[in-house]
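Here is a short briefing on one protein chain. Please look over the sequence and the model before reading on.

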Amino acid sequence: SACLLLLLQLAGASHVVYNYKDLEAEAAAATDQVPPSIVNPLLRTGYHFQPPKNWINDPNAPMYYKGWYHFFYQYNPKAAVWGNIAWAHSVSRDLINWVALEPALRPSIPGDRYGCWSGSATVLPDGGGPVIMNTGVDHPDINYQVRNVAYPKNVSDPLLREWVKPSHNPVIVPEGGINVTQFRDPTTAWRGPGPEQWRLLVGSAAGSSPPRGVAYVYRSRDFRRWRRVRRPLHSAPTGMWECPDFYPVSKGGAPRAGLETSVPPGPRVKHVLKNSLDLRRYDYYTVGTYHPRAERYVPDDPAGDEHRLRYDYGNFYASKTFYDPAKRRRILWGWANESDTAADDVAKGWAGIQAIPRTVWLDPSGKQLLQWPIEEVEALRAKSVTLRNRVIKAGHHVEVTGIQTAQADVEVSFEVSPAALAGAETLDPALAYDAERLCGVKRADVRGGVGPFGLWVLASANRKERTAVFFRVFKPAAGDKPVVLMCTDPTKSSLNPNLYRPTFAGFVDTDISNGKISLRSLIDRSVVESFGAGGKTCILSRVYPSLAIGKDARLYVFNNGRAHVKVSRLTAWEMKKPVMNGA
């Protein structure tokens, strides 16, 4: 489902029931224009999840079952373009090393004959095993979307290798004036009060100019017969909501602790409502209060729907969380599409990756979520190098040597003297709510007061190619708290033409009055995932160097501000390649 708008843009189709072979043929006709470096196998990620070939998109139904992590995802087994979608299935003991199994679901019944799209899994209590509910398309000429369910053939099989679709599908159809072409992506179900104990959400749109994003609530006693609640759980004038997610988070609990999806509201429990905004292709969320008897959700911030928070301020979409009972945490998966052309993807033979799974929990302030790469990724760390107490003078940079950095994990702590903060630029009030536009104006090569300072990653020896991940500090137009901007600037990331290279940015809600701030970047050949201030702001960017590939990739710390910056500590690790056995 996450590719519906993309498909329309690329294919010019009047509806999304589309023959992928036409798109593949069109892209293949342009492969003679693909630069040689684009097809270099060293641009395939080393430790991010991706299958050996072909197209992937939305993460579906991640879960933990009988000692195994299961990951389902949208996959075209025949080409590196969207279409012919199946539910691929891989399993892991640690969320890092993966083994691919046969696809769990393919179009095979009337309810999904023309599309077998995104959905979720719910593990039933008392040994009932898991149930998948997903979006099906059952009409060849219109994108008519319904809900289908599937059950394991053998709930005793920890690998869940075979799935069965019962004859009573579809179990939910669009009724009561719902837009049949914008009705998709059921969430993981949760239990609530009353005889119809099971609830789930379906994303949709209602009205026009602009359409309101809507999360409809459905209830059921038995996962077979579902009834829509009259009023939506929540809605906002943002355009279509797809890939919704709804889950509880602990307020003031143990650090990084997660809650099972059916934990009821209470004084120490908040809820998160996340939606993938079809209009803008980003994942937004709010934190608020769930009222189960009224089936209503109220964001804590009244302006939250207008200035909504994002999981990630970069290339990150159609995300899905699940509760991990083995480690009592909530884990977030997200899809990162390519930023090259369809012709490039056909020439490469692959398209799309999954972000490193992240642990997600509520910030102590209660205002936002924090995210951090799962601890298991640290098992891939190998040879390391450390810098301590290194001052980066104004306009200078320092190379980090001693390891290969095309596939690396970097953690760095910066310090700026509190006195130097007085020299920060004044924030333009017109840009005070638009971090992305601010970063586009104040890019990495634009000299500032305090910053830009940060990392040049995947840089060439002559630095003609480099991707900048940095902070910039501003004096607020109103108030006395400095404003911190975090930005990824890939405009100089490659000499190759025809690449989508936007700047990505988000404000960091942190108090930098003591001059301290941290950054972590996961660098993996053609992707850079960065986490600012302990996971308050996250940015993923796709880049395709033509020079800074493999052993020719360099890493630098830079400071393009007028104030000196100290690197109190930087540690960079080479990252090993995990097992991806057909994943």
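How far apart do the C-alpha centres of domain 1 and domain 2 lie? They lie 32 Å apart. The bounds are 58-373 for domain 1 and 376-575 for domain 2, taken from an automatic or database domain assignment.

This is a predicted model: local features need pLDDT of at least 70, side-chain atom pairs count only at pLDDT 80 or more, and totals for chains, interfaces and linings use all residues. Residues are numbered from 1 along each chain as its sequence is written, and side-chain values use heavy atoms, with hydrogens and water left out.

**Domain interface**

- Contact (heavy atoms within 4.5 Å) links 33 residues of domain 1 with 28 residues of domain 2.
- The two domains bury about 2600 Å² between them, 56% of it on carbon and sulfur atoms. Buried area is the accessible area (1.4 Å probe) that two parts lose on being put together, summed over both.
- Tyr313, Ser339 and Trp372 supply 26% of the area that domain 1 buries against domain 2, more than any other three residues.

- Six salt bridges run between domain 1 and domain 2. Each needs a side-chain nitrogen of Lys or Arg within 4 Å of a carboxyl oxygen of Asp or Glu.
- Arg542 forms a salt bridge with Glu338. Their closest N and O atoms are 2.8 Å apart.
- On the domain 1 side that touches domain 2, strand E21 (329-336), helix H3 (342-348) and strand E25 (369-373) each supply at least two residues. Helices (H or I, at least four residues) and strands (E, at least two) are DSSP runs, numbered from the N terminus.
- E25 gives the most to that side, with five residues.

**An open sheet**

- Four strands form an open sheet in the order E5-E6-E7-E8, with antiparallel pairing. Two strands pair if DSSP finds at least two bridges between them.
- E5 (116-124) and E8 (163-164) stand at the edges with a single partner strand each, so one side of each is left without a neighbour in the sheet.
- E5 pairs with E6 (residues 129-137) over seven bridges. Cys116 has Gly136 in E6 as its bridge partner.

**Backbone points to check**

- Most residues other than glycine have a negative phi, and most peptide bonds are trans.
- The Asn169 to Pro170 peptide bond is cis, with omega near -10°. Pro170 is in the loop between E8 and strand E9 (183-184).
- Gly451 and Pro452 are also joined by a cis peptide bond, with omega about 10°. Pro452 is in strand E30 (residues 450-459).
- Ala61, in strand E1 (residues 54-65), has a positive phi near 50°.
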